[in-house]
Amino acid sequence: MTLEPRKTIHPAVDHPLPLTGSETDADLAAARRVLAQEADGIAQLGAALDASFGRAVSLLAGATGRVVVTGMGKSGHVARKIAATLASTGTPALYVHPAEASHGDLGMIVPGDAVLALSNSGETPELADLVAHARRFGLPLVAITGRADSALARAADVTLLLPPAPEACPMGLAPTTSTTMQLALGDALAVALLTRRGFSAADFRIFHPGGKLGAKLSRVRDLMHGGEEMPLAPPDLRMDAALVAMTAKRFGCLGIVENGRLIGIITDGDLRRALEPGRAAPQSSLLSRTTGEVMTRSPRSIGPDALAAEALRMMNERSITALFVVDEAGAPVGILHVHDLLRAGVA
């Protein structure tokens, strides 16, 4: 006998029940209440910050090793995110699970490191061994907690106190507002450290080479076409030959170079304007004119070390599809087309 596989029915998917207006209103009210309470908690946190925050930044910035971020439960999840944010913004960091630390992972925490410990109550028992290890080796310890009289706060070199904002959970039990404040405070520490170190967009790209963010942080030189691929001509070239050059290079434009410098550009728009009635030269004479007579002078250009995102912004603002890349002397070193940005994932 062959048994048919059992089908699991999920009532919310297979038999959806329409929501009533009152249920939808209640859901929206709950969501808005949660967001308002958590926003209020962050506002209170910002108002309560004092000189302790600067001391905490100094301790973390002074670490010659890494910032070890730790926490248990929901605070642990927040700690993982803070460690990731620190690491991606120029502050070497890692997350260490406090329970695993008691079973060998304390060996990951060495002299030169600093510890950032999260616990809303400040009495999380799993943190005890890790805190004792930090004290034993004289590691700087920064605490994020909601209680100034807690064991964690007493052990720390600097304590960043969370204000007594109520949890957004209607029972006041589930960590909601408190973890949101922890997360925001972690972001504040990361950005303050970033600012203090003078962390630049170029530094940022080192740690974000992948995905759309990495593409936007690419340099123009990484995407441009150079050498023989550039469509270039002198200002005395006849337009019949110039049109052949424009067509051959497939960028829809032609850069005009004199004494090694880019002095103008000819685009399809320039060609249309040159053919309009009332222009200085008769329409029939376009092919016998020179590139210098038809070109647009002082074209918009960009440097090779500019960000690809900046090139995209310039193209969007000017409604153009190609940019010549020039060096400090104004000599063309490449050309960038909007299709290059699209292929790289910048746009």
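Of the 347 residues in this chain, 40% count as buried. The model is a predicted one. Its secondary structure comes to 16 helices and 12 strands. Among the contacts in the chain with a separation of 6 or more, 65% are accounted for by residues 24 or more positions apart.

A place to begin is helix α2, which covers residues 21–48. At 1.5 Å a residue, the 28 residues of α2 should span 40 Å, and the C-alpha atoms at its ends are 40 Å apart, which agrees. The buried residues of α2 are Glu38, Gly41 and Leu45. An α-helix has 3.6 residues a turn, so residues three or four places apart point the same way. What covers the buried residues of α2 includes the strand β5, residues 158–161, and the helix α8.

Helix α8 covers residues 177–197. The axes of α2 and α8 are 9 Å apart, and the two helices pack at an angle of about 45°. That angle makes α2 oblique to α8. The crossing in which α2 passes α8 is right-handed. On the α2 side, the contact is made by Gln37, Glu38, Gly41, Ile42 and Leu45. On the α8 side, Thr177, Thr180, Met181, Ala184 and Leu185 take part. By class, this contact of α2 with α8 has five nonpolar, four polar and one charged residues.

Helix α8 also packs with helix α3, residues 51–61. Here the angle is about 65°, and the axes are 10 Å apart. The crossing of α3 and α8 is right-handed. From α3, the contact is made by Phe53, Gly54, Ala56, Val57, Ser58, Leu60 and Ala61. From α8, the contributors are Leu185, Ala188, Leu189, Ala192, Leu193, Arg196 and Arg197. These residues of α3 and α8 divide into 10 nonpolar, two polar and two charged. Leu185 of α8 is listed in the contact with α2 and also in the contact with α3.

Is Ala156 buried or exposed? Buried means under 20% relative accessible area. Ala156 has a relative accessibility of 15%, so this residue counts as buried. Leaving aside neighbours within four places in sequence, Ala156 is in contact with Leu141 and Ala143. Pro140 is 16 residues from Ala156 in sequence, and the two are 7.9 Å apart in space, C-alpha to C-alpha.

Key: Residues are numbered from 1 along each chain as its sequence is written. This is a predicted model: local features need pLDDT of at least 70, side-chain atom pairs count only at pLDDT 80 or more; totals for chains, interfaces and linings use all residues. Side-chain values use heavy atoms; hydrogens and water are left out. Axes are lines fitted to C-alpha atoms, for helices over the stretch in contact, and angles run from 0 to 180 degrees between N-to-C directions. Helices (H or I, at least four residues) and strands (E, at least two) are DSSP runs, numbered from the N terminus. Angles under 35 degrees count as roughly parallel, over 145 as roughly antiparallel, 65 to 115 as roughly perpendicular and the rest as oblique. A crossing is left-handed if the near helix is turned anticlockwise from the far one by less than a right angle, and right-handed if clockwise. Contact means heavy atoms within 4.5 Å. Ala, Val, Leu, Ile, Met, Phe, Trp, Tyr, Cys and Pro count as nonpolar, Asp, Glu, Lys and Arg as charged, and the others, Gly among them, as polar. The expected span of a helix is 1.5 Å times one less than its number of residues. Buried means under 20% relative accessible area, exposed over 50%, partly exposed in between (1.4 Å probe, protein chains only).
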